[in-house]
Amino acid sequence: MSRFSGISRLAMGVGMTCLALSAAQANTMQTQSPSVEKESFGQLPDGRKVEAYHLRNGHGIDMKVITYGGIITSLRTPDAEGEWADVVLGFDNLADYRSEAYRQSNPYFGALIGRYGNRIAEGRFTLDGTTHELATNDGANHLHGGERGFDKRLWTAAPFENDSEVGVELTYVSEDGEEGYPGRLETHVTYTLTADDEVIIDYHATTDKATPVNLTQHSYFNLAGEGSGSIVDHRMMLNADAFTPVDDTLIPTGELRDVADTPFDFREATPIGARIGADNTQLAYGQGYDHNFVLMRDATAEDELVLAARVEAPDSGRVLEIATSEPGVQFYSGNFLDGTLIGKQGKAYEKRSGFALETQHFPDSPNQAAFPSTILEPGETYQSRTVWRFSTQTPTP
C-alpha cells in the first residue's frame with residue numbers, strides 16, 4: 001500500500017500501553033464538556049491577524065494552537081498528584097516568536113514544518129531531470145523548508161467540536177516555486193484533542209507537480225513542566241533498531257546502522273542523559289542527539305500506526321507515548337538551546353531544557369535513492385498521522 005493512500009482512523013491500541021490514572025489525577029480530571037475557543041494572538045506587520053484556538057477535553061487537558069506557523073504554544077496536563085503544568089516550550093505572545101533573538105536561534109518551538117522537514121544536502125535535489133535550488137539556511141544545507149518555511153506562514157483555521165473531541169483544521173497553500181520547491185501544494189493539518197487524552201495530528205497534501213513532501217511537528221517537551229530545567233533524567237524508549245548516521249554537517253551518509261552496543265540504543269527505557277556525553281563521533285557531530293531513528297514497523301502496513309516512543313518523567317510521573325504512520329523519528333535533545341530565549345514562566349531555556357521527537361521520513365531522502373521516497377505526484381494524496389498520548393504513573397525516586 002502506498003504511503004499516499006488513505007489512512008483509516010486507528011485506535012491507539014496498536015502497540016500502545018494503557019496506563020491507569022492515579023487517584024489524585026482521577027479526582028482532578030473531572031468530566032466536563034470539551035470546548036474550543038478563539039481569541040486574538042496579535043497581528044503581523046502587514047496587518048493580517050493571528051488567531052489562537054484553545055482546545056480543552058473533558059478531563060481539562062488544554063492545548064493552544066495559533067495560526068502563525070500552526071504553532072502549539074501551550075499544552076497543559078496533570079502530573080501523578082493532579083498538579084497541572086504546561087509541558088511544551090514556547091511563548092505567550094507573537095512578538096517573541098518573531099523577535100530577532102528567536103530568528104537567530106530558530107528552534108522552531110511547537111511549529112508545523114514543511115515543505116520538507118529536516119535537512120536536504122547542499123540545498124538542492126534533482127527531480128525528473130531538473131535540479132531545484134533551495135535556501136541553504138543550515139550551513140551548507142537546507143533545513144525545515146527554508147528561510148520562510150511553513151513554520152513562518154499564516155494558516156487559515158476551521159475549528160470543530162463534538163461530544164468526544166475538539167480540534168482545528170489548518171490550511172496553507174504553498175505556491176509553485178515557493179522556497180524553490182516545484183508545484184502548488186495544498187496542505188491541511190488537523191489537530192484533534194480526544195477524550196482519551198490524545199493529540200492526533202493528521203497531515204494531508206496534494207500537488208499539481210511532482211515535489212518532495214515531508215511534514216512534521218516540532219514541539220519541545222519537558223514532562224516536568226516547561227521552564228523547570230533539564231530533561232536528561234527523562235527515561236525514553238525508542239522503538240527503533242537502527243538509526244541513520246550523519247556526516248559533520250548532519251546529512252545522512254546513507255547507512256542504516258544497528259543501534260546495538262551504541263549510545264543510540266533506546267529499545268529499553270533509558271535516561272536521555274545516560275550516554276549523551278559518551279566518546280562517540282555521532283554524538284560529537286550533533287553535540288548530543290540530533291538523529292533520525294528507523295522505526296521497527298515489522299509487518300505493519302505503511303499506513304498504520306506503530307509505537308515510536310515512550311517518555312516518562314521520574315519526578316512528575318507524566319508519560320508521553322507517540323505512535324505514527326511514519327517510518328522514522330528525529331530525536332533532538334535540545335543541544336543548541338543556550339539560555340538566550342525566555343519562556344512563558346520568565347525562565348531561560350537552557351541547553352537540554354526540552355526534547356523533540358519529530359515523526360517523519362528520513363532526512364535528505366530526495367538525494368538518497370535507498371531511503372523511502374518522499375516524492376508526491378499529481379493525483380496522489382499525502383497522508384500521515386501521528387498521535388501523542390498523555391498519562392501518568394507512580395513517580396520514581
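This is a predicted model: local features need pLDDT of at least 70, side-chain atom pairs count only at pLDDT 80 or more; totals for chains, interfaces and linings use all residues.
Colleague: What sort of sheet does S20 belong to?
Modeller: S20 belongs to an open sheet of nine strands with antiparallel pairing, in the order S11-S12-S13-S14-S27-S23-S22-S17-S20. The edge strands are S20 and strand S11 (156–161), each of which pairs on one side only.

Colleague: How many bridges are there between S22 and S23?
Modeller: Strand S22, residues 306–312, and strand S23, residues 318–324, are joined by six bridges in the antiparallel sense, and within that pairing Val311 has Leu320 of S23 as its bridge partner.

Colleague: Changing topic, where does Asp261 sit?
Modeller: Asp261 lies in the loop between strand S19 (257–258) and strand S20 (270–271), and with a relative accessibility of 83% this residue counts as exposed.

Colleague: Which residues form the negative surface patch?
Modeller: The negative surface patch is formed by Asp261 together with Asp241, Asp258 and Asp298.

Colleague: OK, over to S3. How many of the residues of strand S3 are buried?
Modeller: Five of the five residues of strand S3, which covers 62–66, are buried, so the strand is largely enclosed by the rest of the structure.

Colleague: Which way do the residues of S3 point?
Modeller: Asp62, Lys64 and Ile66 point one way from S3, while Met63 and Val65 point the other way, and all of them are buried.

Colleague: What does S3 pair with on the S2 side?
Modeller: S3 pairs with strand S2, residues 49–56, in the antiparallel sense over five bridges, and Ala52 stands opposite Ile66 in S3. The hairpin of S2 and S3 has five residues between the strands, and Gly60 there takes a positive phi near 100°.

Colleague: And how many bridges join S3 to S4?
Modeller: Four bridges join S3 to strand S4, residues 72–78, and these two strands run antiparallel, with Ser74 in S4 as the bridge partner of Lys64.

Colleague: Which glycine is in the turn between S3 and S4?
Modeller: Gly69 is in that turn, with a positive phi of about 70°, and the hairpin formed by S3 and S4 has five residues between its strands.

How values were computed:
Residues are numbered from 1 along each chain as its sequence is written. Side-chain values use heavy atoms; hydrogens and water are left out. Patches are made of residues with over 30% relative accessible area and no salt bridge: like charges are joined within 9 Å, nonpolar side chains (Val, Leu, Ile, Met, Phe, Trp, Tyr) within 5 Å. Accessible areas come from the Shrake-Rupley method with a 1.4 Å probe; for residues, only the protein chains shown count as cover. A salt bridge is a side-chain nitrogen of Lys or Arg within 4 Å of a carboxyl oxygen of Asp or Glu. Lys and Arg count as positive and Asp and Glu as negative; His and the chain ends are not counted. The place of a charge is taken as NZ of Lys, CZ of Arg, CG of Asp or CD of Glu. Buried means under 20% relative accessible area, exposed over 50%, partly exposed in between (1.4 Å probe, protein chains only). Two strands pair if DSSP finds at least two bridges between them.
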